[in-house]
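Subject: Structure handover

Hi,

Here is the structure for you to look over. My notes on what turned up follow below it.

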Amino acid sequence: PTLSFLLDENLVESAFPNHTTTSSVTLPNDPRWNQAWNMETVSAPSAWDVTTDTGDVIVAILDSGFDPYHPDLRSNVWYNEHEVPDNGIDDDGNGKVDDQFGWDTLDNDNYPIDGGDSHGVGTAGVIGAVGNNSQGLTGIAWTTQMMNLRVLSYNRGDAFSLTEGLLYAANNGAGIINLSLTVDGHN
């Protein structure tokens, strides 16, 4: 019997055409994209079908710091537009001098560069390595703003440095704060 006959005889409650579907999975052209931590496990390619651009979001990365000039990170580094670089003045009045790329709460200076353990670089890469630029790997967000806050050194920090980093992030517009650490404490 035809579909119209079945519908006319009330033998079928409802029917619709059997359309074919395809799934779209956006993959970057970065040669090592799938070597980043668990991109496929967290379904990043499916998320990239929805968006790859979160450029209006500031993600504060409280970790061991990272190089703001790293070729796969530099386009996604948050820049404090209220600070004039290298003039020795706290132009934005936030208590930090020349903090154009973030702050190092351990050394209390404007040089939040990883001191050698590379944990901060790896964390920044997973979050926001520039995607689809034919180099290295890609982060979850292909376009974003990563605020660089060094609160750890060789996987060690303290509550004061962490608190200073949290306050800096909150007071300077971070919409997301990433803490990739554990805290040891006393009962």
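Start at Leu-73. Leaving out residues up to four places away in sequence, Leu-73 touches Phe-66, Asp-67, Ala-124, Gly-125, Gly-128, Ala-129 and Met-146. Please keep in mind that this is a predicted model.

Cores

Leu-73 belongs to the largest nonpolar core, which has 17 residues. Leu-73 is among those with the most contacts inside this core, along with Met-39, Trp-48, Ile-61, Phe-66, Ala-124 and Met-146. Helix H2 (44–50), S1 and H3 each give two or more residues to this core. In soluble globular proteins, nonpolar side chains tend to be buried together.

The largest pocket has a volume of about 370 Å³. It is lined by 14 residues, and the closest to its centre are Leu-152, Gly-157, Thr-182, Val-183 and Asp-184. By class, the lining of the largest pocket has six nonpolar, five polar and three charged residues.

The second largest pocket holds about 280 Å³ of space. Its lining takes in 15 residues, with Val-59, Ile-127, Ile-140, Ala-141 and Ile-176 the closest to its centre. Which elements give two or more residues to the lining of the second largest pocket? They are strand S1 (53–63), helix H3 (119–128) and strand S4 (176–179). Eight residues of the lining of the second largest pocket are nonpolar and seven are polar.

Trp-103

Trp-103 sits in strand S2 (residues 102–104). Is Trp-103 buried or exposed? Its relative accessible area is 5%, under the 20% cut-off, so Trp-103 counts as buried. The side chain of Trp-103 makes a polar contact of 3.2 Å with the side chain of Asn-108. Leaving out residues up to four places away in sequence, Trp-103 touches Lys-96, Val-97, Asn-108, Asp-109, Asn-110, Pro-112, Asn-148, Leu-149, Arg-150 and Tyr-168. The C-alpha atoms of Trp-103 and Leu-62 are separated by 9.8 Å. Along the chain these two are 41 residues apart.

Lys-96

Lys-96 is in the loop between S1 and S2. Its relative accessibility is 13%, again under 20%, so Lys-96 is buried too. With neighbours within four places in sequence set aside, Lys-96 is in contact with Glu-83, Asp-90, Trp-103, Asn-108, Glu-164 and Tyr-168. Trp-103 also touches Asn-108 and Tyr-168.

Ser-64

Ser-64 lies in the loop between S1 and S2 as well. At 1% relative accessibility, Ser-64 counts as buried. Two polar contacts involve its side chain. One, of 3.1 Å, joins the side chain of Ser-64 to that of Asp-117. Another, of 3.5 Å, joins the side chains of Ser-64 and Asp-63. Leaving aside neighbours within four places in sequence, Ser-64 is in contact with Ile-113, Asp-114, Gly-115, Asp-117, His-119, Gly-120, Arg-150 and Leu-152. Leu-152 is one of the residues closest to the centre of the largest pocket. Arg-150 is also touched by Trp-103.

Best wishes

Note on methods. Residues are numbered from 1 along each chain as its sequence is written. This is a predicted model: local features need pLDDT of at least 70, side-chain atom pairs count only at pLDDT 80 or more; totals for chains, interfaces and linings use all residues. Side-chain values use heavy atoms; hydrogens and water are left out. On a 1 Å grid over the protein atoms alone, a cavity is a set of points where a 1.4 Å probe fits but cannot get out, and a pocket is an open set with protein on both sides within 12 Å along at least five of seven lines; lining residues have an atom within 4 Å of a point. Grid points are joined across faces, edges and corners, and a volume is the space filled by probe spheres set on the points. Ala, Val, Leu, Ile, Met, Phe, Trp, Tyr, Cys and Pro count as nonpolar, Asp, Glu, Lys and Arg as charged, and the others, Gly among them, as polar. Helices (H or I, at least four residues) and strands (E, at least two) are DSSP runs, numbered from the N terminus. A nonpolar core is a set of buried Ala, Val, Leu, Ile, Met, Phe, Trp, Tyr and Cys residues joined through side-chain atoms within 4.5 Å. Buried means under 20% relative accessible area, exposed over 50%, partly exposed in between (1.4 Å probe, protein chains only). Contact means heavy atoms within 4.5 Å. A polar contact is a pair of N or O atoms within 3.5 Å; within protein, one must be able to donate a hydrogen and the other to accept it, and residues adjacent in sequence count only if both atoms are side-chain atoms.
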